[in-house]
Amino acid sequence: MASVEIHNVQKSYGTLKALHGVSIQIDDGEFVTLVGPSGCGKSTLLRMLAGLEEISGGTIRIAETVVNELPPKDRDIAMVFQNYALYPHMTVAENMGFALKLKNTDKREIQGKVERAARILNLDTLLQRYPRQLSGGQRQRVAMGRAIVRDPKVFLFDEPLSNLDAKLRVSMRAEIKSLHQRLGTTTVYVTHDQVEAMTMADKIVVMRDGVVEQVGAPLALYDSPVNMFVAGFIGSPAMNFLTGEIRDDGFLAGDVRLPLAAPAPELVGRRAVYGVRPEHIGIGEDGVAAEVCVVEPTGAETYLVVRLAGQEVTCVARDRLDVRAGHMVRLSPDPGRIHLFDPQSGRRL
């Protein structure tokens, strides 16, 4: 195991700059997810950490060693790819032990490590099968087993679950998290799915356009986003935003007055964006009136898209509601869970 330090790392493709001085500290044994929309630079950063991309500027340390110029094989890392990258002509056991075979490791040692990894991943009965005889989830476990047998300092995961169906993604999330808890190996995990990031990570790094927007524990980012981008990206369904003015008796969005905890005196009269998460909006007999546009029942919850102050707002009901499009409902945002943002910079006030 080892810590990872990414300091002022930059990446350019000719005149196009993909990463703008990224700095991240990853502690020994920590599970860190890099999350953000497509094109934000998260996979590029992971590939630079693996040695698959050259670094245009800055330094990357694994343990105490600067690895900028080290080839991938000398970095003591193991990477799990999105597409599994298994050899179709090799059995599960041969795929898992191939990297050790290339190092001329003793056959008995290879067998022992493969069998240990297979027990951890419940692949014991599949060792003599070929990849074509496996399901998507089983293939992903084989790819993980291939990484485990190397006993690396750092695991790197590049969107490993994106090819799986929704139900299998949930079970594999739990397996990867359980695996980390057992092995305690430093892990860097790239995903565009913020639910994966929230449920698996010790620390989340939110990226946009090659820049780190915020770093923190999952619930810290959920409760205290630094700007509208992080607030809108973390949480599902996404946070609602309404533009208006801060008053001493609430927030005025158009002609609708929304509840707000007592604002700081210097904010009164200022234009702002009112942010409220769907799960923090009560639906009942009191509150402001809104027209229902869309009803989305999911079973345990019902999502309502309503029109409020001329804008569409999503709210979540955990009770069964007998409402349809065109009906009126009353909404009560929790004033203690409101976020205010500057409309120009997007920064939290």
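View 1. The model is a predicted one, in which local features need pLDDT of at least 70 and side-chain atom pairs count only at pLDDT 80 or more, whereas totals for chains, interfaces and linings use all residues. Residues are numbered from 1 along each chain as its sequence is written, and side-chain values use heavy atoms, with hydrogens and water left out. S9 and strand S10 (residues 211-216) run antiparallel to one another and are joined by five bridges; two strands are taken to pair if DSSP finds at least two bridges between them. Helices (H or I, at least four residues) and strands (E, at least two) are DSSP runs, numbered from the N terminus. The hairpin of S9 and S10 has two residues between the strands, and Asp209 adopts a positive phi near 50° there.

**View 2. S9 also pairs with strand S3 (residues 31-35), here in the parallel sense and over four bridges.** In this pairing, Thr33 has Ile204 of S9 as its bridge partner. Because five of the six residues of S9 are buried, the strand is largely enclosed by the rest of the structure; buried means under 20% relative accessible area, exposed over 50%, and partly exposed in between (1.4 Å probe, protein chains only).

**View 3. Lys203 belongs to strand S9 (residues 203-208).** Lys203 counts as buried because its relative accessibility is 14%. A polar atom of the Lys203 side chain lies 2.5 Å from the backbone oxygen of Gln25. When residues up to four places away in sequence are not counted, Lys203 touches, among others, Gln25, Glu30, Thr33 and Val215, contact meaning heavy atoms within 4.5 Å.

**View 4. An open sheet is formed by five strands in the order S15-S19-S16-S17-S18, with antiparallel pairing.** Strand S15 (281-284) and strand S18 (311-317) are the edge strands, each pairing on one side only. From one strand to the next the twist averages 45°, where axes are lines fitted to C-alpha atoms, for helices over the stretch in contact, and angles run from 0 to 180 degrees between N-to-C directions. Within the sheet, strand S16 (residues 288-297) and strand S17 (residues 302-308) are paired in the antiparallel sense over six bridges, and Val294 has Val305 of S17 as its bridge partner.

Technical notes: A polar contact is a pair of N or O atoms within 3.5 Å; within protein, one must be able to donate a hydrogen and the other to accept it, and residues adjacent in sequence count only if both atoms are side-chain atoms.
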